[in-house]
Amino acid sequence: MTEVLHYIWLGILAVFNGYPLFTLGGIAIPAAPIMVCGGLLTGIAVGATPGLAGPMAMAIALPILISVFGFTPDALLPVFGFLIGIMKGATVGGAVPAILFNMPGTPDSVMTTLDGHPMAKAGQPRRALRIAQLSSVTGDTFSDLVLFVCAPFLAVAVEAYLDLPEKTALLILSISFIAAVMGNSRGKGLLAVALGLATAFVGTGQALTPRLTFGNNDLSSGFSLVSVILGVLIIGEILIGIEGLWQASRLGKKKEDAPHDPAQDDLQPGDIGRIAPYVARSAFIGTIIGALPGIGSTLAATLGYSLGARRHFKRGKPGDTPFGEGAPEGIAATEAANSAVSGANLIPVLSLGIPGNAAAVFLILAADSIGGFNPGPQVFHFTSPQVNPELVTAFGIFTLMSIGNILNWTFGGRFMRAMGVLARIPGPILLPMVLLVTLTAIYVQQTSFFALWVTMGFGVLGYVFRRSNIPVLPFVIAFILARPLEQNAREAFSATGGDPWFLFHSATSIALILAAIASVIFLGRKQAES
Amino acid sequence: MKKFLKPLTLAAALLSLSFAANAESWTPPGPIKMMIGFSAGGGADTQARLIAQAIENKYGWKILPEQITGNGGLNLAKQLKSEPADGTAIGMVVSETLTYSALSANQPGLTTENFTPLASTVAFQTGLVAMKGGAFDSWDKITAAAKAGTPIRFGVATDRWADVTYLLGKENGIDFNIVQVKGGAGVMNGLRGGDLDIGWVGGAQSKPVQQGEMVNVASAVSHRLADSPDAPLITDLGSKYTLNGYFMFIAPKGLDPDARKALGDAIAEVLNDPSTQAHALVVKNFGGPAVLTGTALNDTLTNLMSDSQNLLAAASAN
């Protein structure tokens with residue numbers, strides 16, 4: 001136990017004594033907490049801008065951060081700080097345009113418009129924003145606490161009970177699960193996963209001659225993680241956005257300007273007591289959904305809202321505003337659920353190295369680019385007296401998340417209310433800027449024109465995926481997991497003395513494989529639900 | 001544009017050549033591209049970047065580090081070969097890349113004689129490592145367990161390590177389950193997590209050994225390990241081969257001897273200077289600097305090359 005406390009303390013120290021940003025009156029000001037703060041403000045602004053989303057800002061910020069802080073392990077915490085700040089800020093900020101203008105800033109806040117906007121229209125925008133902020137931050141904090149407690153135990157349990165074949169089976173299960181639950185068709189999910197795996201197999205492997213490169217030297221170390229992820233996730237999204245703008249201009253359709261009621265208003269007495277049970281329930285739902293990789297915050301928001309609506313219908317007093325007409329409980333149920341996903345999503349990332357959503361993908365990308373921290377069960381080796389630097393980084397990340405929550409509680413709300421104006425930046429200005437910055441970012445990191453072509457190529461692939469309703473995240477996650485999967489499978493194969501049936505020797509691995517098959521058969525979401 | 005640039009670069013090259021008549025005064029004709037064949041953030045990468053930084057500080061040469069990883073350093077070698085041999089492109093690899101790996105991948109164009117070796121930085125301190133107090137923390141325990149029929153998982157990081165392991169097992173009548181993982185860090189993670197029983201680590205085991213977490217069961221190089229002077233050499237345990245090797249800087253073939261000397265001396269200078277961070281790092285993590293330049297380096301590489309040829313012949317004959 002003292003070992004754990006010791007590591008927690010080292011993690012806190014690493015944040016506050018780490019990389020100094022500048023010195024003020026002889027005192028070094030640590031970079032990491034400042035970066036969380038900067039990231040949080042950026043995230044709130046980004047979330048409040050329709051058309052931008054947290055992952056996009058993370059993608060743009062990452063190369064800039066790396067060029068500022070360098071490739072040394074010292075850079076890990078400041079860079080993670082900024083990214084975590086964006087992640088947390090964007091969840092809160094997404095509610096702003098949803099409430100004020102009936103435009104969801106992020107896909108998760110679609111349900112927020114249902115009650116938030118009517119409340120704002122009724123002359124209470126400030127009250128709606130306060131409720132959104134309180135519920136969102138509560139959900140997020142709860143889910144972070146679950147992460148802090150669960151991730152180390154899960155990692156230790158995996159190391160203690162799972163041998164190489166079982167770890168391979170677990171990776172197969174997570175990839176199948178993601179294929180099944182993301183998007184609206186299992187077939188398309190499996191297709192995305194298969195393409196992701198195939199892409200990752202180019203140029204990698206153990207042989208000294210690179211495979212599947214068709215003699216192309218540029219491919220000999222494979223497609224780079226940055227090019228693939230930014231291409232599919234960001235460029236693809238931009239192409240879709242540009243197409244949408246083009247369609248809109250062709251049809252001559254203009255977005256109507258929502259009226260803004262400047263009436264002063266604030267939390268009403270009794271609001272907190274009224275929303276508390278909804279927040280608690282939704283935070284719980286969001287955390288459970290977040291801990292399963294790949295399901296995402298949109299389902300959490302939908303589930304939180306509909307369960308909240310049912311409870312409200314049953315127990316509501318006469319005279320309460322019903323759901324859908326500006327009920328504070330409605331905003332609370334949605335925001336708490338979608339925010340609770342973000343912390344819990346890091347449970348599989350930190351303890352198993354399996355990312356569940358786009359934000360987690362970018363955290364893994366950051367770790368991979370900087371080096372010195374490889375998310376996975378080996379992070380949680382409580383070695384003593386030798387200090388395990390990865391574990392210190394993990395506790396540093398927890399500290400950063402706590403700082404983010406404290407900032408979100410205190411001044412996040414005020415900043416959030418000032419961000420309403422961002423919703424008015426027009427797409428024709430925003431999208432080309434994001435495109436330019438993304439391509440520059442890639443060139444800065446890779447210094448090769450080939451990397452730009454690869455990125456554009458994957459951008460077109462991302463566009464085709466979106467147009468054909470194929471989910472893009474399973475592709476990216478499979479691309480990331482392909483290497484650990486192959487590595488684990490190879491290790492398991494040779495560790496068992498070259499046994500081709502290594503997956504079927506222990507009850508655990510058979511159970512995991514059966515679960516993988518079952519997930520594809522039973523978990524596919526029906527078309528209607530999407 | 002190209003027509004115009006070509007004579008210009010030629011003129012610049014000629015000009016720099018005439019300046020380079022005196023080795024003392026050789027300066028790179030432009031920024032030096034430093035290719036690093038190891039993944040970002042690891043010990044080898046940090047070592048290369050700190051050396052680059054120290055040379056920049058000391059000589060004022062501009063160095064641009066760049067990661068070119070994959071295929072055991074052969075990707076880097078291939079790319080470095082096409083760079084100009086004027087001192088503006090250098091690469092950091094392990095000696096194994098240009099000897100065993102190039103031979104094994106059947107890439108005769110990537111062996112030592114196709115490059116200009118500049119300087120070695122540190123020597124491998126490879127040991128056969130196991131968790132202390134575990135079932136395999138001495139060679140006697142390992143052989144006894146193997147005789148009793150216990151399968152033994154042996155972690156290796158390269159094909160060469162795997163070949164040496166296989167032949168060592170053969171000499172002792174043991175059929176190891178040889179598991180190839182990612183680098184020495186991968187071997188140590190495997191040992192800690194119980195996925196591996198024993199494995200080779202090329203120097204990073206020093207700290208856990210000093211702190212009593214792991215033990216060096218044997219030394220895989222031709223001298224005893226500083227941390228474990230009592231551990232036998234693997235050549236005493238029946239192996240005909242060692243895992244000697246170096247981290248080293250190379251340049252394309254045909255580099256001007258003055259440039260070679262200037263670059264080699266610069267690397268030696270900053271590594272042997274106790275005030276640099278590079279020196280501190282290699283003392284802490286790699287058993288101290290082991291800088292060879294010029295003919296001493298050539299001779300060492302010739303020996304490593306013939307060792308690799310013998311090892312490959314023996315491994316494929318078995």
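Start by selecting the interface of the two chains, where the contact takes 35 residues from chain B and 31 residues from chain A, two residues being in contact if their C-beta atoms, placed from the backbone, lie within 7 Å. This is a predicted model, in which local features need pLDDT of at least 70 and side-chain atom pairs count only at pLDDT 80 or more, while totals for chains, interfaces and linings use all residues. Residues are numbered from 1 along each chain as its sequence is written, and chains are lettered from A and ligands numbered from 1 in the order in which they are written.

On the chain B side of this contact, colour α2 (43-59), α3, α4, β7 (177-180), α7 (183-193) and α8 (206-210) of chain B, each of which supplies at least two residues to the side that touches chain A; helices (H or I, at least four residues) and strands (E, at least two) are DSSP runs, numbered from the N terminus. Of the side of chain B that touches chain A, β7(B) gives the most, with four residues.

Now show the strands of chain B in the order β2-β1-β3-β10-β4, which form an open sheet of five strands with mixed pairing; two strands pair if DSSP finds at least two bridges between them. The edge strands are β2 (63-67) and β4 (115-123) of chain B, each pairing on one side only. From one strand to the next the twist averages 25°. Zoom in on β3 (residues 89-94) and β10 (residues 246-252) of chain B, which run antiparallel and are joined by four bridges; in β10(B), B:F247 is the bridge partner of B:V94.

Helix α3 (residues 74-81) of chain B touches β1 (32-36), β3 and β10 of chain B, and its direction makes about 160° with that of β3(B), where axes are lines fitted to C-alpha atoms, for helices over the stretch in contact, and angles run from 0 to 180 degrees between N-to-C directions. Helix α4 (residues 95-104) of chain B touches β3, β4 and β10 of chain B, and its direction makes about 65° with that of β3(B).

Move to chain A and select helix α1. Which residues of α1(A) are buried? They are A:Y7, A:G11, A:A14 and A:V15, a residue being buried if 20 or more other C-beta atoms lie within 10 Å of its own, exposed if 12 or fewer, and partly exposed in between, with C-beta atoms placed from the backbone. What covers the buried residues of α1(A) includes β2 (27-30), α2 (31-47), α4 (76-93) and α16 (389-417) of chain A. On the other side of α1(A), A:T2, A:L5, A:W9 and A:N17 are exposed.

Finish with two loop residues. A:F214, in the loop between α9 (186-201) and α10 (225-251) of chain A, has a phi near 50°, a positive value in a residue other than glycine. A:N469, in the loop between α18 (449-467) and α19 (473-495) of chain A, has a positive phi of about 60° although it is not a glycine.
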